[in-house]
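Please examine the sequence and the structure before reading on.

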Amino acid sequence: MPTPAETAATTTHDADWWRQAAVYQIYPRSFSDSNGDGLGDLKGITSRVPYLKELGIDAVWLSPFYPSALADGGYDVDDYRNVDPRLGTLEDFDEMVAALHEAGIKVIVDIVPNHTSDRHVWFQEALASPKGSAARGRYIFRDGLGENGELPPNAWTSIFGGGAWERITEPGPEQAPGQWYFHLFAKEQPDLDWDNPEVHEDFLTTLRFWSDRGADGFRVDVAHGLKKDLNAEVASLDLLHRADLFREGEHPLWDRDEVHSIYAEWRKVFNEYNPPRTAVAEAWVHADRRAMYASPEGLGQAFNFDLLEADFDAEQFRRIIAKNLAEAAATGASSTWVFSNHDVVRHATRYGLPKGSGRGGKGADGKDWLLEGGDPAQVDAERGLRRARAATLLMLALPGSAYLYQGEELGLQEVGEIPDADRQDPTFFRNKGVEVGRDGCRVPLPWEAAPAEGSSFGFGANGAHLPQPAWFAGYAASVQEADAGSTLAFYRRALALRHELQGSESLGWQDASDDDVLHFVRPGGWHVVANFGTAPLELPAGEILLASADVEGGKLPGEATAWVRVAR
Ligand code: GLC
């Protein structure tokens with residue numbers, strides 16, 4: 001029997017598969033629950049491989065499935081080379097990889113190098129070891145300020161709100177308050193010290209571990225945050241988390257030039273494999289700095305969140321697409337596109353809000369849905385979905401990789417109505433409920449429409465870890481399977497057709513009749529026309545391959561995209 005690594009090698013003939021891949025993000029705890037404990041698991045994913053195959057994606061990216069206390073949805077990792085027992089075992093991982101590979105689907109796993117969880121053996125060892133010990137040297141420990149070290153080493157804040165330093169109790173019978181450790185995110189996520197060679201070595205071991213088990217690639221969490229200058233003076237705390245407001249490469253926390261030496265080491269490990277393992281950086285950096293993460297000597301690809309942060313607006317889309325394609329061409333990287341993930345409000349909802357821009361969108365009351373929460377009554381769900389389908393069809397015709405988030409193929413809306421008592425996101429707790437956080441896009445998927453009382457729309461046999469609203473029934477996969485006009489059928493058709501485009505990376509802009517229209521051609525006479533306005537638009541004569549809304553009398557309605565094959 002071939003080892004998982006050999007299976008990966010034999011099913012991956014093309015070392016460049018990732019350049020044009022459609023990658024589907026699975027948030028494992030909310031995808032499919034095989035054992036009725038309310039949490040999705042690896043066997044649940046394996047059971048849905050036929051669905052994923054039918055969808056027509058090229059790869060899945062799994063958010064963390066490692067042992068974790070879930071202080072940050074699994075991005076607080078206790079053990080990088082294991083599976084959370086609630087989600088399965090390493091054998092379940094192997095079975096899942098084999099089933100996905102058998103279906104022709106690559107597997108990307110999430111690597112979280114900026115911080116471990118506070119339950120990781122290294123951190124436990126650091127707490128039990130004295131100040132100045134090698135065990136503390138893997139993290140960022142400092143003495144506090146003030147007469148008795150009672151003040152944090154500086155006033156910096158964490159991303160999730162509150163201070164970025166936590167004080168520990170020193171080991172020993174006195175239980176004396178002692179040093180402080182640094183955490184960019186929740187206090188349960190102590191930052192590693194990437195100046196420590198042992199940290200480097202350990203991550204190389206982890207990359208080999210999953211590569212040997214058949215992982216085809218890695219998504220690198222907070223790739224722009226690993227190197228820090230904690231002695232830097234910061235004029236204002238408001239600047240602390242804005243990578244774009246400092247001189248390039250010199251921000252104390254984000255996007256420092258030295259971070260790339262780490263990825264050069266990783267690249268050597270990726271290239272030990274045939275085909276080489278791939279990686280994509282999660283780096284919220286200024287567009288001009290993205291190329292360094294995406295270089296062939298580095299991670300090879302980086303997320304581009306520009307479209308995700310834009311309005312539904314032709315001019316913004318045109319500018320972003322042109323800029324990113326030009327950058328990719330100049331550096332040899334491939335572009336990436338994404339509208340939704342586990343950290344932002346779903347795009348079908350953002351586009352149904354009066355202001356769809358930013359990660360949260362804004363309601364008529366000016367409230368950001370991610371930060372301040374929003375009243376679901378403000379969302380025009382129908383319009384949001386119409387625009388989301390139009391934007392997605394445009395994205396799926398672009399050269400580069402398209403990243404999709406579980407549930408968007410169902411046209412799923414953000415869940416705005418999660419009771420406070422059920423919330424899980426640390427942003428909610430660390431901000432004392434002011435920021436609602438990211439739970440609304442992480443609610444378990446509806447697979448079946450007609451649930452018995454207390455069931456979870458086919459997600460599992462026994463409830464879901466985040467409450468699903470009654471309106472989920474209308475979005476269930478089973479309902480959409482039976483409906484040729486559904487969003488699921490639309491995604492399947494688009495992804496199947498898209499394979500024809502994957503051989504080339506060229507795109508030619510056409511003059512559009514109207515400022516609200518984008519029009520480009522891909523190889524094979526494949527015209528892509530996106531109408532961001534509301535007036536119907538005459539389409540070029542040809543075969544309509546697919547449209548995001550019904551074309552009547554050769555006219556594309558407002559807020560819609562069509563793919564038209566024009567004979568030459
Ligand atoms: C990334 C993840 C996010 C997580 C954070 C800390 O931004 O996408 O979900 O909270 O890193 O690990």
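## Terms and basis

Helices (H or I, at least four residues) and strands (E, at least two) are DSSP runs, numbered from the N terminus. The model is predicted: local features need pLDDT of at least 70, side-chain atom pairs count only at pLDDT 80 or more, and totals for chains, interfaces and linings use all residues. Residues are numbered from 1 along each chain as its sequence is written, and side-chain values use heavy atoms, with hydrogens and water left out.

## The largest pocket

The largest pocket holds about 1400 Å³ of space. On a 1 Å grid over the protein atoms alone, a pocket is an open set of points with protein on both sides within 12 Å along at least five of seven lines, whereas a cavity is a set where a 1.4 Å probe fits but cannot get out; lining residues have an atom within 4 Å of a point. Grid points are joined across faces, edges and corners, and a volume is the space filled by probe spheres set on the points.

The lining of the largest pocket comprises 46 residues, and I159, H241, W284, E309 and R359 lie nearest the centre. Two or more lining residues come from each of α9 (306–309) and α10 (314–331), with α10 giving the largest share, 3 residues. By class, 17 lining residues are nonpolar, 11 polar and 18 charged. In this scheme Ala, Val, Leu, Ile, Met, Phe, Trp, Tyr, Cys and Pro count as nonpolar, Asp, Glu, Lys and Arg as charged, and the others, Gly among them, as polar. The largest pocket lies between domain 1 (4–115 + 197–487) and domain 2 (121–182), because both give residues to its lining. The domain bounds come from an automatic or database domain assignment.

## The ligand

The ligand is surrounded by 14 residues, of which D72, D221, E282, H342 and D343 are the closest; a residue counts here if one of its heavy atoms lies within 4 Å of the ligand. Oxygen atoms of the ligand lie 2.6 Å from a polar side-chain atom of D72, 2.7 Å from one of E282 and 3.0 Å from a side-chain N or O atom of R438. The protein buries 95% of the 300 Å² that the ligand exposes when taken alone. Such accessible areas come from the Shrake-Rupley method with a 1.4 Å probe; for residues, only the protein chains shown count as cover.

## Enclosed cavities

The structure holds 3 cavities of 30 Å³ or more. The largest cavity has about 140 Å³ of space and a lining of 13 residues, with R290, A294, E327, S334 and S335 nearest its centre. At least two lining residues come from each of α8 (290–293) and α10; the largest share, 4 residues, belongs to α10.

The second largest cavity has a volume of about 60 Å³. Its lining has 13 residues, and those nearest the centre are H347, A348, A388, E408 and Y491.

## Backbone features

Most residues other than glycine have a negative phi, and most peptide bonds are trans. N274 and P275 are joined by a cis peptide bond, with omega about -5°, and P275 lies in the loop between α7 (259–270) and β8 (278–281). V222, a residue other than glycine, has a positive phi near 45°; V222 is located in the loop between β7 (217–220) and α7.

Note on methods
A polar contact is a pair of N or O atoms within 3.5 Å; within protein, one must be able to donate a hydrogen and the other to accept it, and residues adjacent in sequence count only if both atoms are side-chain atoms.
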